[in-house]
Amino acid sequence: MESEDLHRLLLTVHYDGSGFHGWQYQPDVRTVQGEVEAVLERISGRRRALLGSGRTDTGVHATGQVAAVDLPVRWTPHRLRRALNGLLGDDVWIESVRVVPAAFHPRFDAVMRSYRYRVGLAPRAASPFHRRWCWPLEEALDRDRLDRAAAALRGEHSFRAFAKAGQEERGDRCTVHAAAWEPWSDLGLAFTITANRFLHHMVRYLVGTLVAVGAGRRPDADVEALLRGADPECVTSPPAPPQGLFLERVEYPDHAFEPRPPSHA
């Protein structure tokens with residue numbers, strides 16, 4: 001019988017979300033968590049729970065999703081990474097594996113997350129080689145207006161207006177450490193944002209609204225008005241489509257990787 005002398009392994013996961021119904025396991029549909037757990041069960045002989053740093057929705061991608069799993073110590077990081085990449089489909093790839101303390105939790109120990117959203121402005125962004133990973137807008141945007149709107153997001157604010165669903169137990173205030181637009185190759189622009197937490201669909205509502213400001217369809221002042229929540233008539237623009245969004249990085253404090261008594265279930 002397989003030894004149950006376990007250790008916890010941290011996985012950094014990349015995936016193309018086009019063929020998935022999001023990260024979180026759901027019966028009868030294809031999810032990233034479900035795919036990885038199926039391979040873990042196949043190689044280890046029993047069901048293994050995979051803890052994720054957070055959910056991504058249908059069609060959203062990741063180049064820095066973090067997950068953790070408890071496996072027998074014979075599964076070294078090198079051995080596990082090689083086995084997973086050999087059996088997972090072409091749209092999931094394990095970048096790295098490392099041993100972490102048994103109490104480490106990829107969601108609860110995270111202190112910052114970063115997302116990137118690609119907006120295609122050049123006609124070539126609609127090519128089948130790009131459109132699965134961007135919003136092929138093909139529309140002129142005012143960069144100065146975009147930059148001013150992004151700057152308004154920095155700091156601590158209520159992002160209730162930019163969330164599809166609230167989180168009553170945690171509130172709706174988030175601290176944005178960085179938010180900026182930058183060139184995306186010669187195809188368009190990318191919006192990057194780093195915050196201590198994100199609400200459901202928050203980045204997509206932000207991008208949809210900022211793009212409307214950059215296109216001149218709504219005034220710059222709307223962004224600050226939405227953050228204040230003072231005008232019930234001021235609502236966000238429709239959310240940007242999911243295929244342009246990437247979970248890029250999840251950050252942890254150094255002490256999260258130091259041995260400590262277990263504190264999470």
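Q: What percentage of the 265 residues in the protein chain is buried?
A: Happy to start with the overall picture: this is a predicted model. A residue counts as buried when its relative accessible area is under 20%. Across the 265 residues of the protein chain, the buried share is 51%.

Q: Which radius of gyration does the protein chain have, and why does it agree with a compact globule?
A: The C-alpha atoms fill a box of roughly 65 × 40 × 35 Å along the principal axes. For 265 residues, a compact globule would have a radius of gyration near 18 Å, so the chain's value agrees with that. The value for the protein chain is 20 Å.

Q: What share of the contacts in the protein chain with a separation of 6 or more comes from residues 24 or more positions apart?
A: Let's look at how the chain meets itself. The protein chain has five helices and 10 strands. Among contacts with a separation of 6 or more, the share from residues 24 or more positions apart is 71%.

Q: How many Å apart are the mean positions of the positive and negative charges of the protein chain?
A: The accessible surface comes to about 12900 Å², with 51% of it belonging to carbon and sulfur atoms. As for charges, the protein chain has 34 positive and 34 negative ones. Their mean positions are separated by 3 Å.

Q: Is H7 buried or exposed?
A: H7 is part of strand β1, residues 6-15. Its contacts beyond four places in sequence include V69, D70, L71, P72, V73 and V99. The relative accessible area of H7 is 16%, and the cut-off is under 20%, so H7 is buried.

Q: Which residue's backbone oxygen does the side chain of H7 reach?
A: One of the residues that H7 touches is the partner here. The distance from the H7 side chain to that backbone oxygen is 3.0 Å. The oxygen belongs to W75.

Q: Which elements are included in what covers the buried residues of α5?
A: In helix α5, residues 221-228, the buried residues are D222, V223, A225, L226 and L227. After α5 comes G229, which has a positive phi near 70°. The cover over the buried residues of α5 includes α3 (143-153), β7 (155-158) and α4 (202-214).

Q: Is F257 buried, partly exposed or exposed?
A: F257 sits in the segment after β10 (245-251). Beyond four places in sequence, F257 touches L10, R98, V100, P101, F104 and Y252. Its relative accessibility is 24%, which means that F257 counts as partly exposed.

Terms used: Residues numbered from 1 in each chain as written. Predicted model: local features only at pLDDT ≥ 70, side-chain atom pairs only at ≥ 80, totals over all residues. Heavy atoms only, no water. Helix = DSSP H or I, 4+ residues; strand = E, 2+ residues; numbered from the N terminus. Buried < 20%, exposed > 50% of the residue type's maximum accessible area, 1.4 Å probe, protein only. Polar contact = N/O pair within 3.5 Å; in protein donor to acceptor, adjacent residues only side chain to side chain. Contact = heavy atoms within 4.5 Å. Rg over C-alpha atoms; globule rule 2.2 N^0.38 Å. Areas by Shrake-Rupley, 256 points an atom, 1.4 Å probe, with all protein chains shown as cover. Lys, Arg positive; Asp, Glu negative; His and termini not counted. Charge placed at Lys NZ, Arg CZ, Asp CG, Glu CD.
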